[in-house]
Amino acid sequence: MPSTQDADVIVIGAGFAGVTAARELRRHGHRVLIVEARDRTGGRTWTERRLGRDLELGGTWVHWVQPHSWAELSRYGIDVVASPTPIDGFWITGGELHRGTADELLELLDRGMSASTEEALTWFPRPYEPLLLGDRLREIDGTSIRQRLEQAGLTPGEFDAVEGMWATNFNGPTDVGGYAQALRWCALAGGSWQLMFEACATYKIVGGTRRLIEAMLADSGAEVRLGAQVTAVAQDGGAATVSLADGATLTAAAVVVTLPLDVLDSITFDPPLSDTKRRAAHQGQTSMGTKIWARLRGEHQPFVALAPGSAPLTLCQVESVEDGTTVVVAFGADSRRLDGTDRAAVERALRGWLPDVEVLEVACHDWVADPFSGETWPMQRVGQLTGALAELQRPEGRVALAGADYASGWAGFIDGAIESGMRAARHVHDLIGAPVRLATVPAPSPALAGS
């Protein structure tokens, strides 16, 4: 008989993990309801009209070494476009500005990047199985990426450059970011830090991340309720109940929770999640930085700029040049150091690289202060690979976690969110079984009538 529950599965969150899980479950015939606290879909991706163009305020870049993202782009016939190739390079070491070419900056990075990634395939020979080597991984998981750099015998200039690069990658402090996390990224790029760089910040989706997630959502046919903030999830042996901030309750056979780790404890779970999950949520991840867009007066030659992690901005690169202006995107490792909506403050920060720059407009979303994210892209702290990942991936009863925070592969990317959503959907389908619906009995064939 038809179920009296509101849905077979409730998915909390309409980002890439949630939409992926919903689509896959719908293909198995399940009734799926997505509840999203925001007034939009996309989660930590957000294509928004700012500075006179469509900008990605959150996740942006994709690459063909990211199999789940690339499969989705292929499925829906969506192309990519490259960011401009940098020509000029600016970098700050010892408090002094240096100017050269982008290739010279890459040469300065080479020794430090090679030293900090050379063990990638040693520790992660099959990168989508990050725990393959078991307890041996504790040997590296107790080390921060900064400690590894300090052991590399770099010159002060080399250290400042590569430390700033890793502060950008972690979008947070390098003394907190896990060395194992750095190796995981590089292993996924075949052990090549250059290919890892290309995957991180080169190819954007034509039409933006919004175009891809809207295609996936339309394909799913799942119902979505926006502005529906979840406050609690309770489960017993036969069902799960989801409570909303407006007092409403919803019931389902299972729940997929896609909240980022830093805000996972904003929901009350009954029974509570495991101690390990709760400790990890309380600790949070490395990602506490910022992403800022700025429109500059004048047409600048494409450049890339780098500064140590202690600077308000650690990296800046040109994204478009037209109509007498230049649009750049910049990152900082600590959102508290710079208000990305303050044009004058952003201008002062950019003048560390471009002393005469004039900033016309800025655009930024504070993901760390956002109550529904609490972090930017997820990057593991020291000890979290061996101390938390397996447990975070383990479902508890009728509740499964999904999201880039819990990915085996490209954690911190759209690819990781999709991968995790697929895994959660498989688990839930196996848990609750194929849906049983009241079917209409077909009329007998005329050839069989009266036989």
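Is Trp64 buried, exposed or partly exposed, and what is its relative accessible area? Trp64 is partly exposed, at a relative accessible area of 42%, because a residue counts as buried under 20% and as exposed over 50%. The points below concern a predicted model, and they should be read with that in mind.

1. Trp64 and its ring partner. Trp64 pairs with Trp70 in an edge-to-face arrangement, with 5.6 Å from centre to centre and 80° between the planes. Trp70 also counts as partly exposed, its relative accessibility being 27%. The pair belongs to a set of 10 aromatic pairs that a search of the whole structure finds. A pair of aromatic rings is described by the distance of the centres and the angle of the planes.

2. Trp166 and Phe170 make a tilted pair, for which the centres are 6.0 Å apart and the planes stand at 55°. Both residues belong to helix 7, which covers residues 156-170, and they are four residues apart, about one turn of the helix. An α-helix has 3.6 residues a turn, so residues three or four places apart point the same way. Trp166 and Phe170 are both buried. Elsewhere, ring pairs link Trp61, Phe331 and Trp377 into a cluster, and the charged end of Arg50 sits over the ring of Trp46, at 5.8 Å from the ring centre.

3. Glu158 in helix 7. Helix 7 also contains Glu158, which counts as buried because its relative accessibility is 13%, and the limit for that class is under 20%. A polar atom of the Glu158 side chain lies 3.0 Å from the backbone nitrogen of Thr155. When neighbours within four places in sequence are left aside, Glu158 is in contact with Leu108 and Arg111.

4. Helix 11 and its two sides. Within helix 11, which spans residues 275-283, the buried residues are Thr276, Lys277, Ala280 and Ala281. Viewed down the helix axis, the buried residues of helix 11 fall within an arc of 135°, and therefore they line one face of the helix. The face turned away from that buried side carries Arg279 and His282, which are exposed. Among the elements that cover the buried residues are helix 13 (384-393) and strand 20 (399-401). Just after helix 11 comes Gly284, for which the model gives a positive phi of about 75°.

5. Strand 6 is joined to strand 9 (residues 203-205) by three bridges, and the two run antiparallel. Val81 has Lys204 in strand 9 as its bridge partner.

6. Strand 17 and its partners. Strand 17, made up of residues 315-322, has six of its eight residues buried, so this strand is largely enclosed by the rest of the structure. Three bridges connect strand 17 with strand 16 (residues 303-306) in the antiparallel sense, whereas seven bridges, likewise antiparallel, pair strand 17 with strand 18 (residues 325-332). Strands 17 and 18 form a hairpin with two residues between them, and Asp323, in the turn, has a positive phi of about 55°.

7. Gly238 in a loop. Gly238 is found in the loop between strand 11 (230-235) and strand 12 (240-244). With a relative accessible area of 44%, Gly238 is partly exposed. Apart from neighbours within four places in sequence, the residues in contact with Gly238 are Gln5 and Arg398. From C-alpha to C-alpha, Gly238 and Leu250 are 14 Å apart in space, and they are 12 residues apart in sequence.

Definitions and conventions
Residues are numbered from 1 along each chain as its sequence is written. This is a predicted model: local features need pLDDT of at least 70, side-chain atom pairs count only at pLDDT 80 or more; totals for chains, interfaces and linings use all residues. Side-chain values use heavy atoms; hydrogens and water are left out. Buried means under 20% relative accessible area, exposed over 50%, partly exposed in between (1.4 Å probe, protein chains only). The arc is that of the directions from the helix axis to the C-beta atoms. Contact means heavy atoms within 4.5 Å. Two strands pair if DSSP finds at least two bridges between them. Rings of Phe, Tyr and Trp (its six-membered ring) pair if their centres lie within 6.5 Å; planes under 30 degrees apart count as stacked, over 60 as edge-to-face and the rest as tilted. A charge sits over a ring if NZ of Lys or CZ of Arg is within 6 Å of the ring centre and within 35 degrees of the ring normal. A polar contact is a pair of N or O atoms within 3.5 Å; within protein, one must be able to donate a hydrogen and the other to accept it, and residues adjacent in sequence count only if both atoms are side-chain atoms.
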